[in-house]
Each structure stands twice: as C-alpha cells, then as structure tokens.
Amino acid sequence: MPAESVSPPVVIEDDTSGRTARRIVTVLAIAAVLPALYQKGWHNFYDLKIYMSAMEWWSAGNPLYDYVQPDVVQGELYFTYPPLGALLLSPFALLRLDVTVTIFTVLTVLAVVVTTRWLVNPVIARHHLPRVFTLTVAVLLVLAVESTRETITFGQINMLLVVLILADLLFAVPRNGRWAGVGVGLATALKLYPGIFIVYLLASRQWRAAAVASATAAGATLLAGALLPLESWRYWTHELWATDRVGRTDYTGNQSLFGLIHRLTVPQEPDRLLWLALVAVVAGYGLWRAARAARAGDALTGLTLTGLVGALISPITWPHHIYWFVPAVVVLVDAALAARPGRRRRWLWLLVAGVTVIIVYGVVTFHDWGTALVRTDTVGEFLERNVYVLLGLMLLAALPIRSRPIQSDTLHETPTAR
C-alpha cells in the first residue's frame, strides 16, 4: 500500500509588521504636507496682534471700540468682540506678545486634539478601527484643514468656542446634565454667531437646555455690562450693527450667502431683501433637518447642520469660522463605513474625498484675491469664489441622519482597538 503523501502545513504569515509599516508611512506622509500648507497660508498671528494692540490702546485710557488697524485688503479693521470677549483678552495684554502667541497656539492645538478625539472615538468603537492610528490620522487631517490653519496662524479663538459647543451638545445636552446649555450660552456671549445653537435647541424642543443657554448668555452679558457699562452700551447700541467694521463683505474670504450675493453685484450693494429671503429658506430648511437629526438621536449631525446654517446666514463668515466641515466629514465617514456595498457607499466615499480635498485646499490659501472690487462674471469664477458656500448648501441636503441611540456620539462608548 503506497504511503499517503502528506501536504506541508499551511503557514499563515503575520502581516502585523507590514500593516504597522503602512500606517507609519501614512502618518509621515500626511505630516510632511503640513509645513507646506502652513507656510503658504502663514498670517503671522495678524488678528491676535490686533486684539493685543486694542487691549493696550484700551488700557491707556482710550475708548475700546475706537481702536482701528489699517489693512491693505479690508481698509480698516476694528475691535469687534463683545465686552465679555474684551474681558477674556485683557489679561493677555500683560504678557509679552510671543508668550501670548505661544499660549494661543498651544491651546488651539490641544483643542483640536480633544475635539477630534470626541468626534472620532465613537466611529472607532462602532467599526472596530485601530484606535491610535485612526486618531493620529484624524488629528493630522484636521490640522491640515484651511479653517484650522487660518485659526492658528491668525491667532483666533474659534477652537475655544468649538470646545464649549461640542462639550455641551455632544455630552451635556444628550444626557440632560445639570450644565446642559451652559457651554452654548458662554460661547454666544463671547462671540455672537454661536447663538444659532440656541435656536437649534429650541427647534429640537430641548427646552431646558435652550433656557439654560439663553440665561447663561444673558447672565454673562449682564456681568460684562456691570463691569464695563460704557463699552457695553456702545457695543449693543451701535457697534453690533456696524457690519463694515469687520471688513469687506464682497471679499472672497467672506464665505456666506451675503458674500456670494455681493460678489455678483459689486460695486453696488447687494439686495438685502433677496438676502433675507435666502436666509429664511436656508435657516428654515437647515434647522428643520437639524431638529430631525436631534429627534433621531444623532446629536453630531444635528449640531453640524446647525453650524453650517450659522456660517451661511451670517453676514460675514471668514474661513476660520467654518469648522463645521470637519464634523461633517466624520458623519460621512461613519455613514460610509456602515453602508452596504453598492451605489450609496460609493457616493458617500466620493463625498468624503471631495469635501476633504476642498477644505484642505481651501478658498483663500492658494489665491491672491487682491484689493479691487471684482464682479463675478463667469460660472468658473462663481464656483471658485463661493466654494464653501456651495459646499455648505450641498451638505445641508446631503448629510445623512444616522439612526442610533442618543448616547452613540458621547464618551459612553469605549473605543475598541486592534
């Protein structure tokens, strides 16, 4: 009887080392792009220097809102924060400028890391993604986005507001916590545009959080009024309504509906009734979808849609204001990973890639839009000069509302690593 041939045992090679190498190469490749992006869009902390100069002017006994900084593009720039913002910034005038720059930069980068972790951890847990690698790539990509670059290199406070808003709407509000609404209220008192999130709380019938947010904003504003009565009276009765104090509304960097219309009408002023009609339609539709998301338990999509609405309807929205494309990408990635293979999944990944490329390339970084009033005359110019506005409008309709328990985007989920 012939001997049976014995097949050699199958050896399954461990691809751990290869996978690790690929991840390292990916991280290094993304990190290598960042210096070039920041060098191209470097603003030398221009806005922060204006704030500190305004604080020095004010501390010398001059009226705070009389401070003006000549600007090549915008003409004249003034101090435009509410009085509470002035109280927050005033202690930094006691420090050397380089120390203040370092503090603002470090705090902004820390805020990017913390908020990105809040956004990405639930996605990691749901889809069993490699935790350290995914978080590292996500943070690097957020640092690459134009809104982050503009925030850091101008020396803006936007990420402080984002921390307050996300902490409130992702964690405190869904859990009906004692402090639900406080973060949104404080952000609104510091810089008015977060007030759109109070409207969102009302639209989604989260009455207690809306009341707390409104009371917090009012209380912080009244406290600033008690400490700075003259500045508060002037701000709320005059400066708040003077939109020309913050720059040219026709400039391409103003990625709002008002900016889009003004670029079509220069040198004439835009039709404000047309703008208000568009604001009503966009705000109504966007907040309706945001409220639907909140009722479905999708807090992240709800607040993202609200942030996009705020950016679109504000008279002036600079690129550093539009953080809300970042959570939009997270929502799209989560939906793409959860979708079954097919047309919907391909469409979602196409959206992820398209939005990411646009917000990294940006609208101002690689362009010199100049100082002249230039009307938008061609379709190509219209698309190029309004890319964030058009992207925001598209996402209001296309951003998916994910069905899951209300706690799904909070820290209740423990990420699973592999």
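## Who sees the outside?

Let's start with a handy scale: a residue is buried under 20% relative accessible area, exposed over 50%, and partly exposed in between, using a 1.4 Å probe and protein chains only. H367 counts as partly exposed because its relative accessibility is 23%. You'll find H367 in the loop between α16 and α17 (379–385). The helices here (H or I, at least four residues) are DSSP runs, numbered from the N terminus. H367 and A397 are 30 residues apart in sequence, and their C-alpha atoms are 29 Å apart in space.

A quick word on the model: it is predicted, so local features need pLDDT of at least 70 and side-chain atom pairs count only at pLDDT 80 or more, while totals for chains, interfaces and linings use all residues. Residues are numbered from 1 along each chain as its sequence is written, and side-chain values use heavy atoms, leaving out hydrogens and water.

## A pocket to look into

What lines the second largest pocket? Its lining has 28 residues, and T134, V137, A138, L141 and V333 lie nearest the centre. The elements giving two or more residues to this lining are α1 (16–40), α4 (97–127), α5 (131–144), α15 (325–338) and α16 (343–361). A pocket is an open set of points on a 1 Å grid over the protein atoms alone, where a 1.4 Å probe fits, with protein on both sides within 12 Å along at least five of seven lines; lining residues have an atom within 4 Å of a point.

By type, the lining splits into 22 nonpolar, four polar and two charged residues. Nonpolar covers Ala, Val, Leu, Ile, Met, Phe, Trp, Tyr, Cys and Pro, charged covers Asp, Glu, Lys and Arg, and the others, Gly among them, are polar.

L107 lies in helix α4. With 51% relative accessibility, L107 counts as exposed.

Most residues other than glycine have a negative phi, and most peptide bonds are trans. Now for some exceptions. N44 isn't a glycine, yet has a positive phi of about 55°. N44 sits in the loop between α1 and α2 (46–59), and counts as partly exposed at 39% relative accessibility.

N176 also has a positive phi of about 55° without being a glycine. Its loop runs between α7 (158–172) and α8 (182–190). N176 is exposed because its relative accessible area is 68%.

Finally, V266 and P267 are joined by a cis peptide bond, with omega about 10°. P267 is in the loop between α12 (257–265) and α13 (272–295).
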